[in-house]
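Work through the exercises below with the sequence and the structure in view. Try each task before reading its solution.

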Amino acid sequence: MAKNLLIVESPAKAKTINKYLGKDFTVLASYGHVRDLVPKEGAVNPDQQFAMNYAVIDKNEKHVDAIAKAAAKAEALYLATDLDREGEAISWHISEILRERGLLKGKDVHRVVFSEITPKAIKEAVDHPRELSLDLVNAQQARRALDYLVGFNLSPVLWRKVQRGLSAGRVQSPALRMIVEREEEIEAFKPREYWSMDAELAHATTPFRARLLRYNGKKFEQFDLTEAGSAYAARDALYAAAGATRIAGADTPFDTGQPTWRGGQFVVADVQSKERKRRPAAPFTTSTLQQEAARKLGYTTSRTMRLAQQLYEGIAIGDEGVVGLITYMRTDSTSLSDEAVAELRQVIRRDYGAKALPEAPNVYKTKSKNAQEAHEAVRPTSALRTPASVASALSDEQRKLYDLIWKRTVACQMQHATLNTVSVDLACGKDSAFRASGTTVVDPGFLAVYEEGKDQKAAEDEDEGRKLPLLKIGDIVPLAAILAEQHFTEPPPRYSEASLVKALEEFGIGRPSTYASIIQTLLSREYVTLDARRFRPTDIGRAVGKFLSGHFTRYVDYDFTAKLEDELDAVSRGEEDWVPLMQRFWSPFKELVDEKNETVDRSEATGARVLGDDPASGKPVSVRLGRFGPFAQIGTKEDEDKPRFASLRANQSIHTITLADALELFKLPRKLGAHPEDGTEITVGIGRFGPFVKHGSVYASLKAEDDPYTIELPRAVQLLHEKAEAAANRVIKSFQDGAIQVLRGRYGPYITDGSKNGRIPKDREPESLTEAECLELLAAAPDKPARGRFGKGKAEPKAAAKKAAATKSAAEPAAKKAPAKKAATKKTAVKKTAAKKTAAKKAPAKSAAKKTSARPAAKKT
């Protein structure tokens with residue numbers, strides 16, 4: 001056994017590092033976090049200085065046991081988890097577990113950090129270890145305790161006041177507020193009409209376009225012309241001022257699409273040429289990497305981080321073996337090591353010439369106060385590894401991301417770009433003028449390698465690349481046309497992943513390492529959806545966002561959230577103690593939670609709206625959120641007759657639906673007519689699982705292209721026919737009067753007896769199976785999981801009776817049974833997943849023995 005044990009987080013990283021350190025080291029992976037707060041109330045105890053009750057994470061128990069076994073035999077322990085506060089906390093948890101098991105007595109414990117996985121960096125880190133930073137540990141523990149206290153106290157309020165199963169988070173709630181507020185801005189937006197005025201100039205060598213700058217002696221503003229009549233009148237006045245001649249008979253002030261003027265000219269009144277420099281963008285931080293990958297590659301934040309992790313942990317590169325291609329990807333820093341800068345300058349001189357190299361390295365100031373946690377920006381571990389030289393070793397996604405990182409890093413150390421902007425003012429008569437601008441690149445500098453993307457183009461961006469002819473004051477330029485164009489102001493755009501990450505960073509909400517999880521949480525909880533790569537809040541998301549903004553205003557306030565992040569950063573720097581921070585947060589928060597539990601009305605919390613009265617009954621029509629989504633309601637529960645209900649359509653929202661649209665929903669179920677074969681009525685409606693047509697007791701789901709409000713009888717008959725045909729074709733073979741069947745399933749043919757499903761060998765044709773073979777395959781098949789809530793225990797007596805009844809009724813026609821079986825299988829799978837989650841939440845006896853009640857490490861004095 002090697003005398004030194006080194007712990008990293010991932011097995012891929014362990015495999016790479018193991019090759020660098022030799023036989024004196026055993027390298028094991030923790031597989032991420034090893035302990036967490038027990039998932040039940042009381043895991044953080046505010047009454048005992050916020051003591052925390054930890055348990056080893058079930059799925060990582062075997063990895064912890066492997067580490068403990070190796071630690072018992074090792075002489076020294078090296079903790080080499082990631083270099084941020086999460087990594088520091090993982091190292092602390094590992095050391096605490098080993099200490100509690102008595103495995104660290106008389107042994108040296110070293111903390112090792114590195115920002116790149118290369119032989120040199122690893123060996124240097126091992127040769128220069130440090131002690132665990134308890135300040136970083138305290139900051140991470142405080143963050144975890146805050147998130148736990150918010151989640152375990154605020155989520156039950158949402159359950160009671162909005163809808164069961166909802167949850168709220170300390171950081172994702174302000175992010176949700178951003179998205180909801182942007183949606184409200186869009187809905188409240190009222191477009192304003194305005195008209196622009198452009199002139200097309202027919203220069204002999206280079207035709208170009210100019211925009212109205214001054215009209216009747218005044219600067220032309222956006223809303224000077226706001227309707228067609230005044231716009232066309234202004235256009236005609238400009239034509240006349242330019243000396244154009246009106247075509248005979250063209251006397252309408254409105255645009256007919258036909259030329260009404262000809263001739264005319266402008267005179268060059270002023271020519272200005274201005275040279276400007278554009279400097280390269282700083283090397284990537286986590287945030288800017290996520291933004292650029294979203295803009296340029298269309299990658300989600302989670303996809304970007306997953307690919308970056310792979311590039312960081314190591315890729316097999318030819319004779320070099322496995323090597324990390326980029327530095328650590330969770331960082332706020334824009335700094336580069338002297339060694340990296342020297343290598344970048346070498347590559348720039350070699351590939352782009354000495355002219356592309358500035359006299360001194362470009363230095364970028366890091367905005368984050370806490371960037372010392374992570375040593376460098378995200379950069380290639382060696383700029384000498386060009387994207388082309390490693391492309392064959394990378395997947396297409398990895399290659400694109402590495403190419404982006406390499407180019408950005410090289411560009412950041414290159415010469416600035418020199419641009420020349422020429423602006424020409426052209427007089428139109430005495431009192432009006434137009435301006436044309438064009439920008440050309442004098443020296444591309446860093447632009448030869450990389451240009452930063454933008455979410456929205458500025459006016460100056462439109463001038464880039466536009467070429468103007470050589471003009472001087474006094475030149476006369478023929479006029480081809482003056483174009484009056486109608487426009488409407490547009491609402492602010494919905495957030496994309498890139499713009500949301502940028503906004504979160506600007507407001508100081510969360511930290512770059514958490515942006516991907518914030519976005520993923522909002523999507524997985526269905527608080528938001530992605531529509532054309534833009535975030536749109538769902539009705540449930542809006543209800544949660546509005547409820548929190550209205551009743552827990554302080555805790556979704558951007559400044560409050562940012563200030564709390566700053567305080568956590570201060571803890572990590574050793575400038576503040578974590579317990580007072582927790583106390584300041586907890587007391588007022590708990591008081592507010594208790595108050596809102598008593599005072600908030602549920603209808604108000606869910607965003608319920610009364611739209612008006614139903615013309616037929618005179619009863620109120622309202623919309624609200626229900627257990628299965630948003631719905632409309634005619635009447636109230638106090639009425640003598642029961643209220644009528646109708647689900648909203650997929651593209652409708654309780655916040656924007658009108659009375660007329662809501663009344664349309666009550667036209668379902670619709671009668672389509674009699675079935676041509678038996679005369680039975682066919683109807684169409686919407687159920688819990690979507691729209692359907694019904695014929696007697698037979699249901700057939702509508703396809704995506706079908707609309708329940710417009711579907712007609714022939715199409716409904718076709719859907720029913722397809723359903724019957726699919727059911728009839730589902731049975732391949734049948735034995736024992738249908739008790740045993742060979743069926744076509746969603747994932748291929750299989751055998752079933754109603755209680756067990758058997759797999760068919762790949763080398764066998766389902767049609768050739770005999771009864772004996774089917775019985776043999778069923779005997780070897782595993783039992784179906786129990787349908788009880790927890791899934792792992794024995795089936796309850798009622799469930800067992802149902803199971804027996806199902807077996808007994810196997811002789812029923814297959815066509816009738818098939819749909820029910822399919823649904824049952826799907827339902828069982830869902831319950832199985834739920835059972836696993838429930839089991840994970842309930843710590844088993846084995847885990848209970850390993851629980852510890854602890855506070856974050858006390859600050860050293």
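The model is predicted, so local features need pLDDT of at least 70 and side-chain atom pairs count only at pLDDT 80 or more, while totals for chains, interfaces and linings use all residues. Residues are numbered from 1 along each chain as its sequence is written, and side-chain values use heavy atoms, with hydrogens and water left out.

**Exercise 1. The chain as a whole**

Task: State how many helices and strands the chain has, and what share of its residues is buried.

Solution. 
Step 1. Helices (H or I, at least four residues) and strands (E, at least two) are DSSP runs, numbered from the N terminus. The chain has 25 helices and 33 strands.
Step 2. Buried means under 20% relative accessible area, exposed over 50%, and partly exposed in between, with a 1.4 Å probe and protein chains only. Of the 861 residues, 48% are buried.
Step 3. A contact means heavy atoms within 4.5 Å. Among contacts between residues at least 6 apart in sequence, 69% join residues at least 24 apart.

**Exercise 2. Aromatic rings**

Task: Classify the ring pairs Phe585 with Phe589 and Phe692 with Tyr699.

Solution. 
Step 1. A pair of aromatic rings is described by the distance of the centres and the angle of the planes. Rings of Phe, Tyr and Trp (its six-membered ring) pair if their centres lie within 6.5 Å; planes under 30 degrees apart count as stacked, over 60 as edge-to-face and the rest as tilted.
Step 2. The structure holds 17 aromatic pairs. In one of them, Phe585 and Phe589 have 5.3 Å from centre to centre and 25° between the planes, a stacked pair.
Step 3. These two residues are about one helical turn apart because they lie 4 residues from each other in helix H18 (residues 578-599). Both Phe585 and Phe589 are buried.
Step 4. For Phe692 and Tyr699 the centres are 5.3 Å apart and the planes are at 65°, so this pair is edge-to-face. Phe692 is buried at 18% relative accessibility, whereas Tyr699 is partly exposed at 42%.
Step 5. Phe585 and Phe589 also belong to one aromatic cluster with Tyr555, Phe560 and Trp586.

**Exercise 3. Surroundings of Phe507**

Task: Describe where Phe507 lies and which residues it touches.

Solution. 
Step 1. Phe507 lies in helix H14 (residues 497-507).
Step 2. Its relative accessible area is 36%, so Phe507 is partly exposed.
Step 3. Leaving out residues up to four places away in sequence, Phe507 touches Met178, Tyr558 and Ala562. Ala562 is 55 residues away along the chain, yet the C-alpha atoms of Phe507 and Ala562 are separated by 6.6 Å.

**Exercise 4. Salt bridges**

Task: Find the salt-bridge partner of Glu116 and say which parts of the chain the pair links.

Solution. 
Step 1. A salt bridge is a side-chain nitrogen of Lys or Arg within 4 Å of a carboxyl oxygen of Asp or Glu. The structure holds 54 salt bridges.
Step 2. The partner of Glu116 is Arg379, with the closest N and O atoms 2.7 Å apart.
Step 3. Glu116 is in the loop between strand E7 (108-111) and helix H4 (119-127), and Arg379 is in the loop between H10 and helix H11 (387-390), so the pair links distant parts of the chain, 263 residues apart. Both Glu116 and Arg379 are buried.
Step 4. For comparison, take Arg764 and Glu773, whose closest N and O atoms are 2.6 Å apart. Arg764 is partly exposed at 25%, and Glu773 is partly exposed at 26%.
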